[in-house]
Amino acid sequence: TNDELAKWDRESFFHPSTHLGQFARGEAAQRIVTGGEGVFITDRDGNRLLDGFAGLYCVNVGYGRPEIAQAIADQAKELAYYHAYAGHGSEANITLAKMVMDRAPDHMARVYFGLGGSDANETNIKLVWYYNNILGRPEKKKIISRWRGYHGSGLMTGSLTGLELFHKKFDLPLAQVIHTDAPYYYHRPDLAMSEADFVAHCVARLEDLIATEGADTIAAFIGEPVLGTGGIVPPPEGYWPAIQKVLDRHEILLIADEVVTGFGRLGSMFGSDHYGMKPDLITSAKGLTSAYAPLSASIVGQRMWDVLMQGTDEYGVLGHGWTYSAHPIGAAAGIANLKLIDDLGLVQNAAEVGAHLLAGMREAVGGHAHVGEVRGEGMLCAVELVADRDRRRFFEASETMGAKVVAAMLKRGVIARAMPQGDIIGLAPPLCLSREEADQIVTVTRDAIVEVLGPGSA
Ligand code: PLP
């Protein structure tokens with residue numbers, strides 16, 4: 001029964017990113033999800049909800065795709081598993097590798113498959129360190145990340161993540177990780193700053209950090225093309241080319257964490273293409289299989305690849321790999337998923353319906369007295385709530401306005417995400433969202449804001 005399941009859940013399981021005590025005592029939200037179709041999920045209580053966050057920005061092709069389910073079943077019957085060590089592999093993993101490289105930016109050379117975004121970032125950091133060791137500069141090891149960046153929650157990746165929640169009481173960040181400013185224009189230190197001035201400010205802050213630490217101690221810079229979990233923040237105009245110039249000058253590698261943006265979410269296949277970035281490494285996961293099976297990809301650029309090969313010529317086998325690297329079932333899901341993205345034109349749909357969602361949201365809530373900013377790119381959209389719009393004064397954390405609006409949206413049948421820092425309503429729907437479904441999200445967001453914060457005509 002529902003009650004039994006709920007009880008077993010509380011008594012046997014501990015959930016990720018959850019308040020453990022509240023959940024175990026039955027004081028926190030619990031939802032047992034049973035099915036999904038298109039952009040909707042259903043639960044055991046009989047609710048049908050429009051998933052405006054595609055799970056965790058990952059079910060890009062939408063729920064219930066029989067093509068992917070069939071591909072997984074066929075693969076499981078034919079060959080559920082064989083490892084990929086020492087030159088072994090499956091037809092599925094080789095085919096997917098070819099498909100990924102056909103879609104990756106031209107200067108990328110090879111792909112390595114793991115299971116999720118965190119492990120793909122761990123792989124990329126190890127490759128950066130290996131690279132510098134092979135080049136005989138073992139002191140060049142620090143990694144620059146950005147405050148508000150999200151890169152996972154392992155020891156290294158949790159360190160890279162620039163959100164306090166992921167460090168607190170875990171003795172993180174590790175010593176090799178240093179943080180610089182987020183390119184968050186709405187939060188610029190001085191309201192009088194133009195966007196161009198703010199980019200110059202971010203560049204100057206980065207230059208200062210490099211000067212203080214010493215360029216010969218810094219290996220790489222990691223960033224999401226669009227900040228995701230830190231608030232869904234597209235970069236200000238010109239940010240990436242300006243940062244890239246600094247990194248090139250100091251021989252600092254660039255890792256584009258495209259776990260959210262890879263495979264179409266911005267309306268381009270990769271965020272790196274979208275913003276003209278030239279990364280040495282790309283991290284991807286989520287959209288690679290639309291989360292039908294766990295799989296991640298670490299994509300290595302040519303200049304690193306040449307050195308990695310030289311490294312194994314000198315030192316032997318690369319000491320990095322997992323039992324489940326390049327798992328055939330994940331690869332089969334990936335192949336079917338990438339085909340669907342092409343066949344249904346979902347990258348284009350993300351651009352078009354994403355623009356429709358953003359325009360509709362700006363129109364519906366952009367003038368509200370407690371809406372500071374409506375922003376987005378492709379199929380990513382955020383509404384930032386503020387106490388005082390004219391003075392850009394934020395709510396107190398204890399007021400939990402973002403969470404309240406998201407709860408009011410849920411009552412109206414739409415799932416959004418209260419982003420972990422600040423009062424930001426996050427939307428990242430499946431890329432197959434229709435215009436009508438986008439309109440439904442907009443209406444529900446507006447009604448929920450009015451319910452929680454009043455009519456608020458500016
Ligand atoms: N990098 C980014 C940009 C992410 O958004 C996430 C997860 O949300 C990760 C890395 C970590 O991925 P995973 O949760 O699959 O380990």
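Q: Two strands pair if DSSP finds at least two bridges between them, so which residue in S8 stands opposite isoleucine 222?
A: Isoleucine 255 in S8 is the one facing isoleucine 222. By way of naming, helices (H or I, at least four residues) and strands (E, at least two) are DSSP runs, numbered from the N terminus.

Q: Before I go on, what kind of model is this?
A: It's a predicted model, where local features need pLDDT of at least 70, side-chain atom pairs count only at pLDDT 80 or more, and totals for chains, interfaces and linings use all residues. Residues are numbered from 1 along each chain as its sequence is written, and side-chain values use heavy atoms, leaving out hydrogens and water.

Q: What's the strand order in the open sheet of seven strands?
A: The order goes S4-S10-S9-S8-S7-S5-S6, and the pairing is mixed. S4 and S6 sit at the edges with a single partner strand each, so one side of each has no neighbour in the sheet.

Q: And what does the twist average from one strand to the next?
A: The average is 20°. Angles here run from 0 to 180 degrees between N-to-C directions, and axes are lines fitted to C-alpha atoms, for helices over the stretch in contact.

Q: OK, new topic. How does the pairing of S1 and S2 look, parallel or antiparallel?
A: Antiparallel, with four bridges between strand S1 (residues 33-37) and strand S2 (residues 40-43). Glutamate 37 has phenylalanine 40 in S2 as its bridge partner.

Q: How many residues lie between the strands in that S1 and S2 hairpin?
A: Two, and glycine 38 in this hairpin takes a positive phi near 60°.

Q: What about S2 and S3, how many bridges join them?
A: Three bridges link S2 to strand S3 (residues 48-51), and the two run antiparallel. Isoleucine 41 is opposite leucine 49 in S3.

Q: Which glycine in the turn of the S2 and S3 hairpin has a positive phi?
A: That's glycine 46, at about 90°. The S2 and S3 hairpin has four residues between its strands.

Q: What about the sheet with four strands, in what order do they come?
A: S11-S12-S15-S14, an open sheet with antiparallel pairing. Strand S11 (371-377) and strand S14 (417-418) are the edge strands, each pairing on one side only.

Q: How many bridges join S12 to S15?
A: Strand S12 (residues 380-385) and strand S15 (residues 424-427) share four bridges and run antiparallel. Alanine 382 in this pairing stands opposite glycine 426 in S15.

Q: Which residue other than glycine has a phi near 70°?
A: Lysine 169, and that phi is positive. Lysine 169 is placed in the loop between H7 and S6.

Q: Let's do helix packing. At what angle do H13 and H15 pack?
A: Helix H13 (residues 346-365) packs on H15 at about 25°, with the axes 9 Å apart. That makes H13 roughly parallel to H15. For the labels, angles under 35 degrees are roughly parallel, over 145 roughly antiparallel, 65 to 115 roughly perpendicular, and the rest oblique.

Q: Is the crossing of H13 and H15 left-handed or right-handed?
A: Right-handed. A crossing is called left-handed if the near helix is turned anticlockwise from the far one by less than a right angle, and right-handed if clockwise.

Q: How do H14 and H15 cross, then?
A: The axes of helix H14 (residues 401-411) and helix H15 (residues 435-453) come within 8 Å, crossing at roughly 125°. H14 and H15 are therefore oblique to each other, and H14 passes H15 in a right-handed crossing.

Q: Last one: at what angle do the axes of H6 and H11 cross?
A: Roughly 65°, coming within 9 Å. That makes H6 roughly perpendicular to H11, and H6 passes H11 in a left-handed crossing.

Methods: Two strands pair if DSSP finds at least two bridges between them.
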